[in-house]
Amino acid sequence: MAVFDPVIDEQTPAADFTIAQKWDRYTAEEHAAWDTLYARQVEITRERSVKEFRTGLGLLDLGSGGIPDLDVINPKLKALTGWEVVMVPHLVPDEVFFTHLANRRFPAGRFIRKPTQLDYLEEPDIFHDIFGHVPMLTLPVFANYMQAYGRGGLRAKSLGRLKELARLYWYTVEFGLIQRPSGLKIYGAGIVSSAGETPFSLDSPSPNRIGFDLERVMRTDYIIDDYQQLYVVIESFEQLLGATQQDFGPIYDRLSADETRYTVTDLIEDDQIITRGTQAYAAAKAG
Ligand code: PHE
Ligand code: FE
């Protein structure tokens, strides 16, 4: 169920599904929710996030008080990498989403979670979308990756490969980890915007953590309603962009020819295992 937001519901979206942010219409409570979430996540991600993420937060001044005004952050983002943030009402069709990315527009939700739901969200809100995703868009290599992903999404859709391509987004853009000399760091938006998953993703003995392998990722299921039981670790953003610049046509052909698929708990012979999980968290949940 979509969260009710009158400023969304009163608008008729444009053909590309965008709406106006109408920043003046946010209430004091909504701004306060941003400030609470921001203060908490900045604190908890300080030692755990990749430094480029924190640099991005600063470049865009996302903690200047209240929900960011797109008219203020977009000129800064545009000057850095040519990206901008657009507002959309809740989720948009895949094709619309990919077309925005392919044109360096990041679609973000307008609404912010209620104070009673600070920890649990059914659909991405503006805090997840802007705090989680937008700082990394200030980094040129990551900005390029996101645009390439949008183009690749349009192609995957026409080839019937969205399911496999979505796994790449999930294990990188949303829940990606990166290896740094000082240890594993988080960069995925789903992690950095979550107070629970920020420590879980790095510190919990439960999940498996494996090195990035494009085809392996595309063969692997994911869970959307709980902490991940598998995290994929890149060595650098250049590695990620480099691996995805190849033509995926032959990969898609192999995915058809060999229908081997993996669950979130499977480990395979070729995996570069960084930490072998106990799966205790998932087992406890299953009761
Ligand atoms: N190279 C991919 C293709 O040929 C496109 C892509 C780039 C997909 C980056 C995802 C990320 O389809
Ligand atoms: Fe997201």
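**Start in the core.** Select W34, I130, F142, M146, Y187, F212 and F237: these residues have the most contacts inside the largest nonpolar core, which has 83 residues. Keep in mind that this is a predicted model. As background, nonpolar side chains tend to be buried together in soluble globular proteins.

**Stay with F212.** Show what surrounds this core residue. Setting aside neighbours within four places in sequence, F212 touches L168, T172, V217, V232, V233, I234, Q239, L240 and A243.

**Go to helix α6.** I130, another of the core residues with the most contacts, sits in α6. Select residues 126-133 to display this helix. Is α6 enclosed or open? Eight of its eight residues are buried, so the rest of the structure largely encloses it. Click along it: I126, F127, H128, D129, I130, F131, G132 and H133 are the buried residues.

**Now the metal.** Select the iron ion (ligand 2). Which residues coordinate it? They are H128 through NE2, H133 through NE2 and E174 through OE, at 2.0 to 2.1 Å. Along the chain, these donors follow the spacing H-x4-H-x40-E. Distant parts of the chain are linked here: H133 belongs to α6, E174 belongs to helix α8 (residues 162-174), and the two are 41 residues apart. Colour both by accessibility. H133 is buried, with a relative accessible area of 4%. E174 also counts as buried, at 11%.

**Next, a helix pair.** Select α5 (residues 94-102) and α7 (residues 140-158). Two packed helices are described by the angle between their axes and the distance between the axes. Here the angle is about 145 degrees and the axes lie 7 Å apart. The crossing of α5 and α7 is left-handed.

Show side chains at this contact. From α5, pick E95, F98, T99, L101 and A102. From α7, pick M146, Q147, Y149, G150, R151, G153, L154 and K157. By type, the contact has six nonpolar, four polar and three charged residues. M146 is a link back to the first stop, being among the core residues with the most contacts.

**Finish at R254.** Select helix α13 (residues 249-257), where R254 is placed. How accessible is R254? It is partly exposed, with a relative accessible area of 39%. Beyond neighbours within four places in sequence, R254 is in contact with E215 and R219. Draw a line from the C-alpha of R254 to that of E215: the separation is 9.0 Å, across 39 residues along the chain.

Definitions and conventions. Residues numbered from 1 in each chain as written. Chains lettered and ligands numbered in written order. Predicted model: local features only at pLDDT ≥ 70, side-chain atom pairs only at ≥ 80, totals over all residues. Heavy atoms only, no water. Axes fitted to C-alpha atoms, helices over the stretch in contact; angles between N-to-C directions. Helix = DSSP H or I, 4+ residues; strand = E, 2+ residues; numbered from the N terminus. Left-handed = near helix turned anticlockwise from the far one by under 90°. Contact = heavy atoms within 4.5 Å. Nonpolar A, V, L, I, M, F, W, Y, C, P; charged D, E, K, R; others polar. Donors = N, O, S within 2.8 Å, 3.2 Å for Na, K, Ca; no water. Buried < 20%, exposed > 50% of the residue type's maximum accessible area, 1.4 Å probe, protein only. Core = buried A, V, L, I, M, F, W, Y, C linked by side-chain atoms within 4.5 Å.
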